[in-house]
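I opened the notebook to record what I looked up in this structure, beginning with the chain as a whole and then moving to single residues and pairs.

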Amino acid sequence: MRRTRNSHFSLLALSLASWCVPSPSIAQQTLLSCTPLKTGLVLSGGGAKGFAHVGVFKILDSLHIKPDFIVGSSIGAITGAMYASGYTGNEIDSIARKLPISNVIRSYSPLAPGVIGALPAFAVWENNGTGFTLQTGAVREGEVNALMSALMLRGNLLARGDFDRLPIPLRVIGTKLSTRKAVVLSKGDLAQAVRASFAIPLIFAPGVIGGDVLMDGGVADNIPVATARAMGAERLIISTLPTATVSDELFGDPMKVALQLTDYLFLNDTTTFRPQDLVIRNRTADFNPLDFSPATLDSLVRSGMQVARETFAKAGCVQTLRGAAEQSRAMSVARVPSVLSDIQVNSKRRLEGQTMRFALGVRPGRRFSEDSLRQRLLQLGEADDYRAIWLTPSGRDSSVKFNVTPVYGAKQAIVVGLAYDNDLGGRLWGGLAWRDLFNAAVEGAVALDIGKYRQEFRGGLLRRIPALQRAAPLVASFRTVSEDVRIFTDSGERNPVFTRSLELAAGVSGRLPRGFAVAITPIVRLWRVAGSAAIGAAGLNVRMADGVRIVDARTVLEGEVNSRYQRVHFDGKHTWGLGVFELVPRVRVGWSRNAPLQEQFFLGGYDGFGGLRTTQRRGEQEAMAGLALKRPLFGPIRASGEVTVGAIGAGNGFLTRQVGTVYGQVITGWRVGGEIRTGVLDVHVERGFNSVHGDIWFFRLGQWF
């Protein structure tokens, strides 16, 4: 049934012997070859190129063709498992756009444990029990595994440990690391099996199932035709993902060489097709197998539809594969179990069973929401404590039992970070984090931050506790800060004012709709400004950000009310693509009353303001808006420019103009220059100007904190 591009002789054999293009001289042969045959759908691996399979699914749906079973390797296992779970091609396409698939592969960004706080890391060493090793991957394992658990949830609930129970029976191909032999997976946790099948060496960590260490199925059998034939297939529909041969002239491009090596890992040369097989050769040679961007996925889906449509148009006897596919899928969705009969957690941690029930939002004997469980699995993927949560469902009828196996993160982590700014000087920090303290899922950390004008020592403990039907992180922390606050006037810089402060806090955090995180923290502060007595205050701090880690957040809203002062601050930025350009608007608004010097705002924050030195204009209120435009030039180098307008204020009201001072004075600034994105320590150089001062250089190495 699938298109082939073999020789004319093969096409003739395909038409006459299998696909039955009618001919009066071979009427009897036509009747025999048009009889229904047991048909398997084979889906090859190829990274992001596998989204062409989704286009194939759409054509299968339009023709009401339902295969008897599916066999897939790597990305073919992912897409095939979703199709086997009863999703239509359109539904898979829609789900792919809603979930963070484009974040699977990203530029290298060392990830510090969240308990350390909002500090960007330069390097991280982790100890998983066998000694410290450098964290080098560009893949965040917890997020990838959570994404698989979310994508496979419906199929996992339907299969409940046996892939033959799916609306379309499924086989997943992995490769045993020690022998490089193919392993056919047909039972167990569906998400775990699929995750092992796409464990591309050197990119994703291997999977461990039944004591076997498994890597990408494509290494042993990228087009698993042999497995499909062993299952009794009489006819195969085979969707392949061809790759291009890179010219020797491109040996100097490390990325192209790396991508070609990835393609070479996949074993295709043992595949043999038969005349009755229908082969869909997707036009994927020019696609990057690691590019999961929305635009690329769109192109792949459209291309898959076009190639499949052309292939089926040339095939005869398509009607012999038509069945009640739509009805079958609708019935399978209705049978998804929604009552939890029991939950067992395979962990030696104390109280882990209770914590996991609240984290997943399920209780034995109660109904649960598939959508809610999917979202909670994604949220757990953002937690440092877990690398994976395998549900391993079992049971029959309308109920299900979860046999949960949590996979934990590194036991210890050593983290270092650094940055340099031509106004603020150099800054270096280091931290040490422990997980599973007291064998009770408690995380602990200490960190020391040393800079030219500011020194800080902090520590904290984190434990997930049952609260509001969730496993909410409870964080207790302390922080001591010594800072020389810089004071500027129109005539120059005065001597800095020395301040010292101590902060004790303990609070909980949770998730809000649209991905926002909120933290509510009772807090005690003690501070002293040079020449004055110590002051203490107790109050409540509330912070909301568009992500679990404030260091990654683009939007932060924070407010505090205590017995001495009140303070609220909003800082937001966003990036939009505009052709080859990036458009980055940002807004800062802050208001405080009676806040100490070290808690006041400075115009532009640490991102700066055109023509001003960082922290140059400081006050009790701030309002600023900016618009940056960036354009790639070549390699990691980008041109950049920004226009900003803003003011600071003091006293009553908001930005009230005070003659003879800078308070309430609205100024406009602009900067132009460029940046080099190295992936570890970015370099940012710009020349800044504004409407009231001369010009000044802005130079920064790394991300300031």
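**Ground rules.** I am working with a predicted model, in which local features need pLDDT of at least 70 and side-chain atom pairs count only at pLDDT 80 or more, while totals for chains, interfaces and linings use all residues. Residues are numbered from 1 along each chain as its sequence is written, and side-chain values use heavy atoms, with hydrogens and water left out.

**Whole chain.** I noted 15 helices and 33 strands in the protein chain; helices (H or I, at least four residues) and strands (E, at least two) are DSSP runs, numbered from the N terminus. Of the 705 residues in the protein chain, 50% are buried, where buried means under 20% relative accessible area, exposed over 50%, and partly exposed in between (1.4 Å probe, protein chains only). I then looked up the contacts (heavy atoms within 4.5 Å): among those in the protein chain with a separation of 6 or more, 63% come from residues 24 or more positions apart. The accessible surface comes to about 31300 Å², and carbon and sulfur atoms hold 59% of that area; accessible areas come from the Shrake-Rupley method with a 1.4 Å probe, and for residues only the protein chains shown count as cover.

**Cores.** I take a nonpolar core to be a set of buried Ala, Val, Leu, Ile, Met, Phe, Trp, Tyr and Cys residues joined through side-chain atoms within 4.5 Å. The largest nonpolar core has 85 residues, and Leu360 and Phe402 are those with the most contacts inside it. Helix α4 (residues 75–84) gives the largest share of this core, 7 residues. A second, separate core has 17 residues, including Ile116, Leu119, Val415 and Phe705. For Phe402 I listed the contacts beyond four places in sequence, among them Leu157, Leu340, Val362, Phe368, Leu373 and Leu391.

How many residues of α4 are buried? I found that 10 of the 10 are, so α4 is largely enclosed by the rest of the structure. Just after α4, Gly86 takes a positive phi of about 105°.

**Salt bridges.** The rule I used asks for a side-chain nitrogen of Lys or Arg within 4 Å of a carboxyl oxygen of Asp or Glu, and by this rule the count comes to 38 salt bridges. One of them joins the side chains of Arg195 and Glu141 (2.9 Å, N to O), linking helix α8 (residues 190–197) to helix α6 (residues 141–151) across 54 residues of the chain. Arg195 counts as buried at 4% relative accessibility, and Glu141 counts as buried at 15%.

Another salt bridge pairs Glu560 with Arg525, with the closest N and O atoms 2.8 Å apart. Glu560 lies in strand β23 (residues 555–562) and Arg525 in strand β21, so this pair ties together parts that are 35 residues apart in sequence. Both Glu560 and Arg525 are buried.

I also looked up Arg554 and Asp546, whose salt bridge has its closest N and O atoms 3.2 Å apart. Here Arg554 is partly exposed, with a relative accessible area of 44%, whereas Asp546 is buried at 18%. Salt bridges that share partners also join Arg479, Glu503, Arg525, Glu560, Arg567 and Glu599 into one network.

**Surface patch.** Patches are made of residues with over 30% relative accessible area and no salt bridge, with like charges joined within 9 Å and nonpolar side chains (Val, Leu, Ile, Met, Phe, Trp, Tyr) within 5 Å. A nonpolar patch on the surface is formed by Val446, Leu448, Ile450, Phe457, Phe478, Leu502, Leu504, Val524 and Leu526, which together have about 700 Å² of accessible area. The elements giving two or more residues to this patch are β17 (442–451), β20 (492–511) and β21 (517–529), and the largest share, 3 residues, comes from β17. Leu526 is found in strand β21 and is partly exposed, with a relative accessible area of 42%.

**Glu675.** Is Glu675 buried or exposed? At 8% relative accessibility, Glu675 counts as buried, and I placed this residue in strand β31 (residues 667–676). Polar contacts here are pairs of N or O atoms within 3.5 Å; within protein, one must be able to donate a hydrogen and the other to accept it, and residues adjacent in sequence count only if both atoms are side-chain atoms. The side chain of Glu675 makes such a contact with the side chain of Arg638 at 2.4 Å and with that of Arg677 at 3.2 Å.

**Val580.** I found Val580 in the loop between β25 (576–578) and β26 (581–593), partly exposed at a relative accessible area of 48%. The C-alpha atoms of Val580 and Arg631 are separated by 6.3 Å, although the two are 51 residues apart along the chain.
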